[in-house]
Amino acid sequence: MTPAYVRVFAHSNALLVSHLRNVLAATGMPVELRNMTLGGGAGELPLGDCEPEVWVAPHNSERAEALINAALAGESDEPEWICHGCGEALDGVFDTCWRCGRAKP
């Protein structure tokens with residue numbers, strides 16, 4: 001039986017919602033996306049009911065909200081790094097250089 005999930009984030013931008021779902025899933029947290037295709041119902045349905053949403057188990061909600069807030073603020077625990085291939089300075093969240101494609105050391 002699937003546990004009852006709670007909504008931790010909703011936004012009209014489906015790309016942002018999908019990104020935050022990926023942020024949570026990368027930690028191993030079970031996460032669901034909901035309302036990803038309801039945008040066409042806006043007008044017939046209340047706008048708030050049509051926004052794409054991220055849902056998690058209740059015991060993960062506090063951690064999920066903290067991770068979402070950190071992601072939205074651009075915070076990362078990973079230090080910046082310099083690509084050994086081209087010398088580009090990169091944020092710690094990147095595993096590959098955007099400029100030359102070399103992997104993080």
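## Starting at alanine 14

Alanine 14 is partly exposed, with a relative accessible area of 28% (buried means under 20%, exposed over 50%, and partly exposed in between, using a 1.4 Å probe and protein chains only). Its place is in helix α1. Helices here are DSSP runs of H or I with at least four residues, strands are E runs of at least two, and both are numbered from the N terminus.

Which residues does alanine 14 touch, not counting those up to four places away in sequence? Met36 and Pro52, where contact means heavy atoms within 4.5 Å. Proline 52 sits 38 residues away from alanine 14 in sequence, yet their C-alpha atoms are 5.9 Å apart in space.

## What you're looking at

This is a predicted model, so to speak plainly about thresholds: local features need pLDDT of at least 70, side-chain atom pairs count only at pLDDT 80 or more, and totals for chains, interfaces and linings use all residues. Residues are numbered from 1 along each chain as its sequence is written, and side-chain values use heavy atoms, with hydrogens and water left out.

The chain has three helices and five strands, and along the sequence they follow the pattern β-α-β-α-β-α-β-β. Of the 105 residues in the chain, 26% are buried. Take the contacts with a separation of 6 or more: 45% of them come from residues 24 or more positions apart.

Helix α3 covers residues 61–73, which is 13 residues. From first C-alpha to last it reaches 18 Å, close to the 18 Å expected at 1.5 Å a residue; the expected span is 1.5 Å times one less than the number of residues. Just after α3, glycine 74 takes a positive phi of about 80 degrees.

Which residues of α3 are buried? They are Ser61, Ala64, Ile68 and Ala70, and they pack against β1 (6–10), α1 (14–25) and β3 (53–56). Leaving out residues up to four places away in sequence, isoleucine 68 touches Val8, Phe9, Leu20 and Leu24. Leucine 24 is 44 residues from isoleucine 68 in sequence, with 7.8 Å between their C-alpha atoms.

## How α1 meets α3

The axes of α1 and α3 come within 10 Å and cross at roughly 120 degrees. These axes are lines fitted to C-alpha atoms, for helices over the stretch in contact, with angles running from 0 to 180 degrees between N-to-C directions. That angle makes α1 oblique to α3, because under 35 degrees counts as roughly parallel, over 145 as roughly antiparallel, 65 to 115 as roughly perpendicular, and the rest as oblique.

On the α1 side the contact is made by Leu16, Leu20, Val23 and Leu24, and on the α3 side by Ala64, Leu67, Ile68, Ala71 and Leu72. By class, that gives nine nonpolar, no polar and no charged residues (Ala, Val, Leu, Ile, Met, Phe, Trp, Tyr, Cys and Pro count as nonpolar, Asp, Glu, Lys and Arg as charged, and the others, Gly among them, as polar).

Asparagine 35 is found in the loop between β2 (31–34) and α2 (47–50). Most residues other than glycine have a negative phi. Asparagine 35 has a positive phi of about 65 degrees although it is not a glycine. Its relative accessible area is 21%, which makes asparagine 35 partly exposed.

Asparagine 60 is found in the loop between β3 and α3 and is buried, with a relative accessible area of 13%. Apart from its neighbours within four places in sequence, asparagine 60 is in contact with Met29 and Pro30.

Glutamate 53 lies in strand β3. Buried or exposed? Glutamate 53 is buried, at 7% relative accessible area. Serine 18 is 35 residues away along the chain, and the C-alpha atoms of glutamate 53 and serine 18 are separated by 8.8 Å.
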